[in-house]
Amino acid sequence: MPRKVVITGLGATTPIGGDVPTMWANALKGVSGAHTIEADWVQKYELPVTFAAQVSTPATEVLTRVEAKRMDPSTQFAVVASREAWRDSGIEEVDPDRLAVAFATGIGGVWTLLDAWDTLREKGPRRVLPMTVPMLMPNGPAAAVSLDIGARAGAHTPVSACASGTEALHQGLELIRSGKADVVMCGGAEAAIHPMPMAAFASMQALSRRNDDPEHASRPYDLNRDGFVMGEGAGALVLEAEEHALARGARIYGELAGTSVTADAYHITAPDPGGLGATRALKAALFDARALPSDVVHINAHATSTPVGDKPEYIALKEALGSHIGNVAVSATKSQTGHLLGASGAVEAVMTVMAVYDRSAPMTINLENQDPEIPLDVVTSERKLPGGDIVALSNSFGFGGHNAVVVIRNV
Amino acid sequence: MANNEEILAGLAEIVNEETGLAPESVQMDKSFTDDLDIDSISMMTIVVNAEEKFGVRIPDEEVKNLKTVGDAVTFIAGAQA
């Protein structure tokens, strides 16, 4: 049997809460983190989409001025979330050579990159600051977290678009199972609510255009869904070898029982309409966790609220779980948080762990007319999960055909 | 044109902005690396910001000679003259 891996610390900074307790209370209540963007660049560039789900607590309110200045916003979010997770884990001492980081991002330091490009054009090369490179590099969040907690067993950055955050957990699990580390700080961070990515995602028709009603724009599974809502933030989870956690008497939220990653090899952006890659990922993750489809009581779905994305996920779920899918409480929390891209998997994993720990499924908001082609049991009101041994899944899929699934089991 | 006192105050402000060090700790006899613990990346940021603030050019090859705050003040004053 492989080493058992448990979750002992959680952290998050999101559009519906700047820490896990706030986010989770809101997630159970059902709130929208999407609002009109107040920055002047929305008007300046005449962006077709004028709203997004920005973090509810700016990182600059949490970090010192000098810390924030030397970090891209994506790294700021990573450090805020990982510090909360680290405190939450209660770890006081750990061998640095047995402590690793797997912190993902989809895009990396896009603010820094484009600000530096503006500076170069407006003021010349001399004014491009020397911190530009370490701030824009996609491994910036992982590197900053490694520095912050003194992790020396490697700092990794899985990059697989919107599956990145979930893939970080896959990597963290492997690091502990293979014996390369005893503790891994896993997570994902994204800060891409910048005019260029907003224009680019809008250009590919991926974003909702509900400019006059941002709070109701993210509506997974609804017949009138018209795209996702850009989100930002970070999620962080402390993974720990079970024996390591037990030896220090840690509070254990749950077990990271299994993970899997597959690729569609079908199309660079479109999901395989038959959901084949996602189906393989779901089946492999359940197998990895030694779980049966009938063990699954809750799924935090990828469900971004795009017309083309939500249905193939349903097809995959039906294929992987069979008729049991009708008994599973499905939550589409992007209805509340928007889509945090490379951070979404990490934030949703935090929610899935909390759902198992708390025996409560988070809300799906804005579902008014459920798409009849997606007949899932969607959680739209307070929902308790059953007692006894349970398993929950969190799915993430990314442009490029990336599919990643994590399996959480109660302890 | 700024006198040495004004240049020192301006530098102290730039150093504070970059590192968070109290402006009053930035004194003429302090070494950037040994006393103020400023690394090479921060030093280059301080140099670029000082160029902008004082309207001077500090060539890259000159930066290694600016060991103390006083060295920088003297160089900037000379470059302004």
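Q: How many bridges join β8(A) to β14(A)?
A: In this predicted model, β8(A) and β14(A) run antiparallel and are joined by 8 bridges. Within that pairing, Ala263(A) stands opposite His402(A).

Q: And what about β13(A) with β14(A), parallel or antiparallel?
A: These two run antiparallel, with 8 bridges between them. Here Gly398(A) is the residue opposite His402(A). The two strands form a hairpin with 3 residues between them, in which Gly400(A) has a positive phi near 110°.

Q: How many residues of β14(A) are buried?
A: The strand is mostly covered, as 8 of its 8 residues are buried.

Q: Which residues point which way from β14(A)?
A: His402(A), Ala404(A), Val406(A) and Ile408(A) point one way, while Asn403(A), Val405(A), Val407(A) and Arg409(A) point the other way. Side chains in a regular strand alternate between the two faces of the sheet.

Q: Stepping back, what is the strand order of the sheet?
A: The order is β5-β4-β6-β7-β1-β8-β14-β13-β9-β10 in chain A, giving an open sheet of 10 strands with mixed pairing. At the edges stand β5 (155-156) and β10 (329-331) of chain A; each has a single partner strand, so one side of each lacks a neighbour in the sheet.

Q: Where does the parallel sense come in for β9 and β13?
A: In chain A, β9 (residues 296-300) pairs with β13 (residues 391-398) in the parallel sense over 4 bridges. Asn300(A) stands opposite Ser394(A) of β13(A).

Q: Which strands does helix α14 of chain A touch?
A: Helix α14 (residues 344-358) of chain A packs on the sheet and touches β1 (5-13), β4, β6, β7 (233-241), β8 (254-263), β9, β13 and β14 (402-409) of chain A. The direction of α14(A) makes about 60° with that of β7(A).

Q: What angle does α8(A) make with α14(A)?
A: Helix α8 (residues 164-177) of chain A packs against α14(A) at about 65°, and their axes are 5 Å apart. The two helices are therefore roughly perpendicular to each other.

Q: Which residues make that contact?
A: From α8(A) come Ser164(A), Gly165(A), Thr166(A), Ala168(A) and Leu169(A), and from α14(A) come Ser344(A), Gly345(A), Ala346(A) and Ala349(A). By class, this contact has 4 nonpolar, 5 polar and no charged residues.

Q: Changing topic, where is Gly106(A), and is this residue buried or exposed?
A: Gly106(A) is in the loop between β4 and α5 (110-123) of chain A. Gly106(A) is buried, because 29 other C-beta atoms lie within 10 Å.

Q: What is Gly106(A) in contact with, beyond its neighbours in sequence?
A: Leaving aside neighbours within four places in sequence, the contacts of Gly106(A) are Val159(A), Ala161(A), Cys162(A), Ser164(A), Glu190(A), Leu341(A) and Gly342(A). Ser164(A) also takes part in the contact between α8(A) and α14(A).

Q: How many residues of chain A are in contact with chain B?
A: There are 8 residues of chain A in contact with 6 residues of chain B. The chain A side divides into 4 nonpolar, 1 polar and 3 charged residues.

Q: What are the confidence scores?
A: The model has ipTM 0.85 and pTM 0.96. Chain B averages a pLDDT of 94, and 99% of its residues score at least 70.

Notes
Residues numbered from 1 in each chain as written. Chains lettered and ligands numbered in written order. Predicted model: local features only at pLDDT ≥ 70, side-chain atom pairs only at ≥ 80, totals over all residues. Pairing = 2+ DSSP bridges. Contact = placed C-beta atoms within 7 Å. Axes fitted to C-alpha atoms, helices over the stretch in contact; angles between N-to-C directions. Nonpolar A, V, L, I, M, F, W, Y, C, P; charged D, E, K, R; others polar. Parallel < 35°, antiparallel > 145°, perpendicular 65-115°, else oblique. pLDDT = per-residue confidence, 0-100. Buried ≥ 20, exposed ≤ 12 C-beta atoms within 10 Å, placed from the backbone.
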